[in-house]
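Subject: Structure handover

Hello,

Here is the structure you will be working with, followed by notes on what was found in it. Please have the sequence open beside the model as you read.

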Amino acid sequence: MADGSDLATIMEPTGRVQTLRRVLDTVVDGIRPVVDLYRPYVDGVENLPADGRFLLVGNHTQSGAEVFMIHDAVRRAIGTRVRPLADRGFGRMRGLPADLLAAFGGVVGAPETARELMRHDQTILVFPGGGREIAKYKGEEYTLRWQGRSGFARLSAENSYPIVPAGLVGGDDIYRSLTTRDSAVARFGEALGRRLNGRPDMAMPLLRGIGPTLIPRPQRMYLRFGTPIHTTRPRGVGIEAWTQTVKERTQVQLERILADLLRLRDVDPYRGLNPLAWREATRPAVPAHL
């Protein structure tokens, strides 16, 4: 996968990566009718700028479904390929796994990489919480862990790049955590992570799916794209202050999206993918201008 020291491969992937990309696109197009049978809830696509020049900012879930769903929804709506910014740890991957990530459009989330994508007006996807937002302990479902993470806001402000919040609900309910972050089990996991890879924030809680098993719990996915946030810095406002303003506006809008989707899901008879409720599934409202 491309990293900050190999910017040429970002826009001009190798022949192997291009071949894998065509294969992935064919597979995704082939399984799309099957995915549609589960009626994923997607709204707000009318908020996506048609030119593809924007930064999607989303929330990570335990399932990882948000990466595929955002990518597919944007491709369907405006025909552009989303470029996810991956955790720097993925930059150490080599061989086929790295090529597959590159074929999907992923690049390492270094500032210089993001700037290169912005110079080429690419549609970019970032999860400011990174990998630490995947590990959800009991009571942390659909919470954002953006402490100390404002690089996306700074880069957007420097390049006047619009931000589109993208919230997903459903992914944190496939598994339920059995432990809280202040438990002995969590402290042990953090100590182990610190010792093994220096990442105590990546420690995973004890999880269960259906009953006491690790079989995933069936869950409908709910995705919403918010109103674009314009990031051009006003005259007389310093870059630090404006970066914080952009970050706060993005976080507030994304948290509002998640709260709205949680309320919507609570009254949806199809939230657990019960086949008997398929026809009664809550549907997105059609925008008035469409």
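**Arg154 and its surroundings**

Leaving out residues up to four places away in sequence, Arg154 touches Ile239, Glu240 and Thr243, where contact means heavy atoms within 4.5 Å. Before going further: this is a predicted model, in which local features need pLDDT of at least 70 and side-chain atom pairs count only at pLDDT 80 or more, while totals for chains, interfaces and linings use all residues. Residues are numbered from 1 along each chain as its sequence is written, and side-chain values use heavy atoms, with hydrogens and water left out.

Arg154 lies in helix α6; helices (H or I, at least four residues) and strands (E, at least two) are DSSP runs, numbered from the N terminus. Its relative accessible area is 26%, so Arg154 is partly exposed. The cut-offs are under 20% relative accessible area for buried, over 50% for exposed, and partly exposed in between (1.4 Å probe, protein chains only). Arg154 and Gln244 are 90 residues apart in sequence, yet 8.2 Å apart in space, C-alpha to C-alpha.

**The whole chain**

The protein has eight helices and nine strands. Of its 290 residues, 46% are buried. Among contacts between residues at least 6 apart in sequence, 80% join residues at least 24 apart.

Two packed helices are described by the angle between their axes and the distance between the axes. Axes here are lines fitted to C-alpha atoms, for helices over the stretch in contact, and angles run from 0 to 180 degrees between N-to-C directions.

Helix α6 packs against helix α8 (residues 239-266) at an angle of about 115°, and the axes are 8 Å apart. The crossing of α6 and α8 is right-handed; a crossing is right-handed if the near helix is turned clockwise from the far one by less than a right angle, and left-handed if anticlockwise. On the α6 side the contact is made by Phe152, Ala153, Arg154, Ala157 and Glu158, and on the α8 side by Ile239, Glu240, Trp242, Thr243, Val246, Lys247 and Thr250. By class, that contact has six nonpolar, two polar and four charged residues. Ala, Val, Leu, Ile, Met, Phe, Trp, Tyr, Cys and Pro count as nonpolar, Asp, Glu, Lys and Arg as charged, and the others, Gly among them, as polar.

Helix α5 (residues 111-119) also meets α6 (residues 151-158): their axes come within 11 Å and cross at roughly 35°. This crossing of α5 and α6 is right-handed. Pro111, Ala114, Arg115 and Met118 of α5 touch Leu155, Ser156 and Glu158 of α6. The residues of this contact divide into four nonpolar, one polar and two charged.

**Aromatic pairs**

How many aromatic pairs does a search of the whole structure find? It finds two. Rings of Phe, Tyr and Trp (its six-membered ring) pair if their centres lie within 6.5 Å; planes under 30 degrees apart count as stacked, over 60 as edge-to-face and the rest as tilted.

The ring centres of Tyr41 and Tyr222 are 5.8 Å apart and the planes are at 40°, so this pair is tilted. The pair links distant parts of the chain, with Tyr41 in strand β1 (residues 41-43) and Tyr222 in strand β9 (residues 222-225), 181 residues apart. Tyr41 is buried at 3% relative accessibility, and Tyr222 is buried at 0%.

Trp146 and Phe152 form an edge-to-face pair, 5.4 Å centre to centre with 70° between the planes. Trp146 is buried, with a relative accessible area of 2%; Phe152 is buried too, at 7%.

**Asp172**

Asp172 sits in the loop between β6 (163-169) and β7 (176-177). Is Asp172 buried or exposed? Its relative accessible area is 1%, so Asp172 is buried. The side chains of Asp172 and Lys136 are joined by a polar contact of 2.6 Å, meaning a pair of N or O atoms within 3.5 Å; within protein, one must be able to donate a hydrogen and the other to accept it, and residues adjacent in sequence count only if both atoms are side-chain atoms. A polar atom of the Asp172 side chain also lies 2.9 Å from the backbone nitrogen of Gln62. Beyond neighbours within four places in sequence, the contacts of Asp172 include His60, Thr61, Glu141 and Tyr142.

Regards
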